[in-house]
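Please look through the sequence and the model below.

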Amino acid sequence: MTNQPSTRICILGGGFGGLYTALRLSEFPLERSHNLEITLVDRNDRFLFSPLLYELVTREMQTWEIAPSFVELLEQTNVKFCQGCVTGLNPQQQRVFLADGTELPYDKLVVALGGKTPLSAVPGAAERAIPFRRLEDFHRLETRLRELEQSDRSKIRVAIVGGGYSGVELACKLSERLGDRGRIRIIERSSDILSKSTEFNRQTAKAALEDHQIWLDLETEIQSVEPDAIALEYKGQVDTIPVELVMWTVGTQATELLEQFPLKRTDKGLLAIAPTFEAIGTPNIFALGDLADCRDAAGQQIPATAQAALQQADYCAWNLWASLTNRPLLPFRYQPLGEMMTLGTDRGTVSGLGVKLDGILGHLTRRLVYLYRLPTPKHQLAVGFNWMAQPLIELLS
């Protein structure tokens, strides 16, 4: 009796798209004749639940809660974790190349390497501005904040570039972190903040920004980021504003690594994929997340958000399983489930599916939804227990 050869599935990137695809795929049943090997590759050793990254700024949460290790998350699955930097891809040989010389053969490949915050368009931004999408970004921010907090400055002036969800959430957290010393401004090129949000969330956010005494510079362009200042253009006039810290929260760009991949891309540099997440023109490769030009079955452009990536992962995992079990692949159908924001340590907003909540109720609802969305039941229980125990610990300390 001969052993059935393994079907090797390699997933590049351990963000929402990659990790959740791996977890979902590991749950699907396979016939005994199938021996499935799933390998998840990421350059970091930890997953980041990025919607809760803001809670680290105000020390409401601990790093382990929002950034558990991949080994911990995958220990009760048949998914193997490989830490390494991807450097290349050969679709003909069906091999992935890592920086340490490792070659990973595959039968099916998932590309979910994520994106980055573009900083090259504005002089000085790449050298002096701090993006806010990775754990490394938080560590840079935390180091700078401690330097400023320990200094003898009476004011700590912060400029946040971008009036979208990330900019507003970060502004509120920094305001509470810095207290009376903080002087925070949001710089937005359009005529209003949260231009893609609901009116309820927009007005609730504006009220929170006003309460936190956060300035808004609307219809304003960034000309340059200097060592201790930022140059702003408003209606043709350029002013230089002194600042100690510049945070950059606007824009998403595909990683430069895609240029090394012989895969079809769009004019914007994103991977061209079908609504089933199959890479166009290259068999046995799927792609999702920030680096893919994702459109649903109706041709609707899908936003680059965690909510969208979670839904994409469900479909991508199904379609991988379907391709192995002779089932039809399903075109993606995106379901907008609403919007949530944190507007401080005990203030939030939730809008969607007929529900509109703000204040402490919005804050608690957001927390519970994200608790449910954490990757594994074991991690959900650990974090949930810690949240319940924390008030008692603080009371007794």
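**Helices and their neighbours**

Helix α8 is followed by Q213, whose phi is positive, near 60°. Helices (H or I, at least four residues) and strands (E, at least two) are DSSP runs, numbered from the N terminus. The model is predicted: local features need pLDDT of at least 70, side-chain atom pairs count only at pLDDT 80 or more, and totals for chains, interfaces and linings use all residues. Residues are numbered from 1 along each chain as its sequence is written, and side-chain values use heavy atoms, with hydrogens and water left out.

Q213 is not a glycine, yet has a positive phi of about 60°. Most residues other than glycine have a negative phi. Q213 is found in the loop between α8 and β12. Is Q213 buried or exposed? With a relative accessible area of 67%, Q213 is exposed; buried means under 20% relative accessible area, exposed over 50%, and partly exposed in between (1.4 Å probe, protein chains only). L194 also has a positive phi, near 50°, in a residue other than glycine. L194 lies in the loop between β11 and α8. L194 is buried, with a relative accessible area of 3%.

Helix α8 itself covers residues 199-211, which is 13 residues. From its first C-alpha to its last, α8 reaches 18 Å, close to the 18 Å expected at 1.5 Å a residue. The expected span of a helix is 1.5 Å times one less than its number of residues. Buried in α8 are N201, R202, T204, A205, A208 and L209. What do the buried residues of α8 pack against? They pack against α7 (165-178), β11 (182-187), β12 (215-217), β21 (339-342), β22 (348-352) and β23 (355-358).

The 14 residues of α7 should span 20 Å at 1.5 Å a residue, and its end C-alpha atoms are 20 Å apart, which agrees. Helix α7 is mostly covered, with 12 of its 14 residues buried. Among them are S166, G167, V168, E169 and L170. After α7 comes G179, whose phi is positive, near 65°.

Two packed helices are described by the angle between their axes and the distance between the axes. Axes are lines fitted to C-alpha atoms, for helices over the stretch in contact, and angles run from 0 to 180 degrees between N-to-C directions. The axes of α7 and α8 come within 10 Å and cross at roughly 30°. These two helices, α7 and α8, are therefore roughly parallel to each other; angles under 35 degrees count as roughly parallel, over 145 as roughly antiparallel, 65 to 115 as roughly perpendicular and the rest as oblique. The crossing in which α7 passes α8 is left-handed. A crossing is left-handed if the near helix is turned anticlockwise from the far one by less than a right angle, and right-handed if clockwise.

On the α7 side, V168, A171 and C172 meet A205, A208 and L209 in α8; contact means heavy atoms within 4.5 Å. By class, the contact of α7 with α8 has 6 nonpolar, no polar and no charged residues. Ala, Val, Leu, Ile, Met, Phe, Trp, Tyr, Cys and Pro count as nonpolar, Asp, Glu, Lys and Arg as charged, and the others, Gly among them, as polar.

Helix α6 (residues 135-150) also meets α7: the axes of α6 and α7 come within 12 Å and cross at roughly 35°. The crossing of α6 and α7 is right-handed. L141, E142, L145, R146 and E149 of α6 make the contact with L170, L174, R177 and L178 of α7. By class, the contact of α6 with α7 has 5 nonpolar, no polar and 4 charged residues.

**Other parts of the chain**

The axes of helix α1 (residues 16-27) and helix α9 (residues 306-324) come within 8 Å and cross at roughly 40°. Helices α1 and α9 are therefore oblique to each other. Their crossing is right-handed. Residues in the contact include F16, Y20 and L25 of α1 and A309, L320 and W321 of α9. The residues of the contact of α1 with α9 divide into 11 nonpolar, 2 polar and 2 charged.

G115 is found in strand β8 (residues 115-116). G115 is partly exposed, with a relative accessible area of 23%. Not counting residues up to four places away in sequence, G115 touches R133, Q253, A254, T255 and D290.
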